[in-house]
Amino acid sequence: MAAPAQNLKINGERLWDSLMEMAKIGPGIAGGNNRQTLTDADAEGRALFQKWCEAAGCTMGLDQMGNMFARREGEDPDALPVYVGSHLDTQPTGGKYDGVLGVLGGLELIRTLNDLNIRTKHPIVVTNWTNEEGTRFAPAMLSSGVFAGMHTQDWAYAREDAEGKTFGDELERIGWKGEEEVGARKMHAFFELHIEQGPILETEGKQIGVVTHGQGLSWTQVTVIGKDSHTGSTPMPMRKNAGLGMARILEKVEEIAWSHAPHAVGAAGHIDVYPNSRNVIPGKAVFTVDFRSPEPAVIKDMEERLAVAAREICDDMGLEVELEKVGGFDPVTFDPTCVQAVRSAAERLGYSHMDLVSGAGHDACWINRMAPTAMVMCPCVGGLSHNEAEEISPEWAAAGTDVLLHAVVETAGIVE
């Protein structure tokens, strides 16, 4: 396909206005957003997105997982569409850009093509994937996972939130359950624009991240069993301190991750200590170790070394330990042709860029199993995300969307 002209750019001011307008729906308490999936705020955000898409001349499709597909027709009715998009749902204390930039950047792409009366051979479809965050209904990337055949729809419908409400019931309640079969759509390619959610681009002074790989992920839930006892009257040699056992295991997690620098990472984010009382030595600790790497062999090594270390530590301390793998996915290698389309777009537009490995999971990681896929990233201030203080600049947003526009149009083909 012919490359778009160098002067083809989006309307950055219009994109920013759309981001700010969407941010009014489901406001957080500290300047960000709380627009969790399948809430009334999510329904309101979806309605605004549909209104904007229809005003841009798109038709809206909706599948049985609530995934939204806004289609701009192409000149070849038999050509498979080029898809773009991300998600509109947020964390409970989320920012205004995580996911949302990818959806509204896709919409701005459509608006720009309309402004300039540019037609493409392939249709272009802007997607809002349901429940990418996985905060209210675990796991993350739930609906794109069903689309890609990683989960069954019935299993997804049965996911429960903290109040015992199910995904299926809440999807129906907010009125965004479609009739279309999930995963029936065929794609020519898929592109996702996202904020980096890390500090690398800003630190390196780069405007664009060309995402070549996505890290694989392994979640292991570790349960350490000791004995509750009084902190003051239990002699040190007679203690079975599950909290101390956890601390020593977590030191090993750090050591294991560092041994595979620079791309491997590891930590425990979810930790529960029982009975969690000031004057009681913990009798039980439950925590989830999160290991990530772009190399499958590295993930396997980290899992195995964790299991050996945890058992050795607990045996030495007279503690019991149980390990259960509770989640994970394989590393992702994005499509070389799509990745090159992103890299070429950045070069054509004169934006500074570098290759990146995505440290977070994204819908693109599942869709990559179904179609050629790539990601574009822009910096975020301080690498901060999943936080209401998450921030990007209008210039970063525009540059990322310009690159998305060029990569998508090159892939979809301009009709002269």
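Predicted model: local features only at pLDDT ≥ 70, side-chain atom pairs only at ≥ 80, totals over all residues.
Residues are numbered from 1 along each chain as its sequence is written, and side-chain values use heavy atoms, with hydrogens and water left out.

The secondary structure of the protein comprises twelve helices and 17 strands. These elements are DSSP runs numbered from the N terminus (helices: H or I, at least four residues; strands: E, at least two). The radius of gyration is 23 Å, close to the 22 Å that the globule rule gives for 416 residues, so the protein is as compact as a globular protein of that length. Here the radius is taken over C-alpha atoms, and the rule is 2.2 Å times the number of residues to the power 0.38. Along its principal axes, the C-alpha trace spans about 80 × 45 × 40 Å.

Of the 416 residues, 55% count as buried. Buried means under 20% relative accessible area, exposed over 50%, and partly exposed in between (1.4 Å probe, protein chains only). Among contacts with a separation of 6 or more, 80% come from residues 24 or more positions apart. A contact requires heavy atoms within 4.5 Å. The protein carries 35 positive and 60 negative charges, and their mean positions are 2 Å apart. Lys and Arg count as positive and Asp and Glu as negative, while His and the chain ends are not counted. Each charge is placed at NZ of Lys, CZ of Arg, CG of Asp or CD of Glu.

Helix α12 covers residues 394-412. Its 19 residues should span 27 Å at 1.5 Å a residue, and the end C-alpha atoms are 26 Å apart, which agrees. The expected span is 1.5 Å times one less than the number of residues. Of the 19 residues of α12, 16 are buried, so the helix is largely enclosed by the rest of the structure. Just after α12, G413 adopts a positive phi of about 85°.

Residues A41, D42, A43, G45, R46, L48, F49, W52 and C53 of α2 are buried. The partners of these buried residues are α1, β1 (59-62), β2 (68-72), α3 (100-115) and β5. G57 follows α2 and has a positive phi, near 85°.

The loop between α1 (12-23) and α2 (40-55) holds L38. Phi of L38 is near 60°, a positive value in a residue other than glycine. L38 is buried, with a relative accessible area of 0%. K24 lies in the loop between α1 and α2. K24 counts as exposed, at 57% relative accessibility. Its C-alpha atom is 9.9 Å from that of A41, 17 residues away along the chain.

H386 also has a positive phi, about 55°, although it is not a glycine. This residue lies in the loop between β16 (373-378) and α12. H386 is partly exposed, with a relative accessible area of 40%.

Two cis peptide bonds are described here. One joins A138 and P139, with omega about 5°. P139 sits in the loop between β5 (124-128) and α4 (142-147). The bond from A261 to P262 is cis, with omega near 5°. P262 is in the loop between α8 (242-258) and β10 (265-274).

Strand β15 contains M354. The C-alpha atoms of M354 and E204 are separated by 8.9 Å, although the two residues are 150 residues apart along the chain. Not counting residues up to four places away in sequence, M354 touches I200, L201, E204, K206, I208, G209 and V210.
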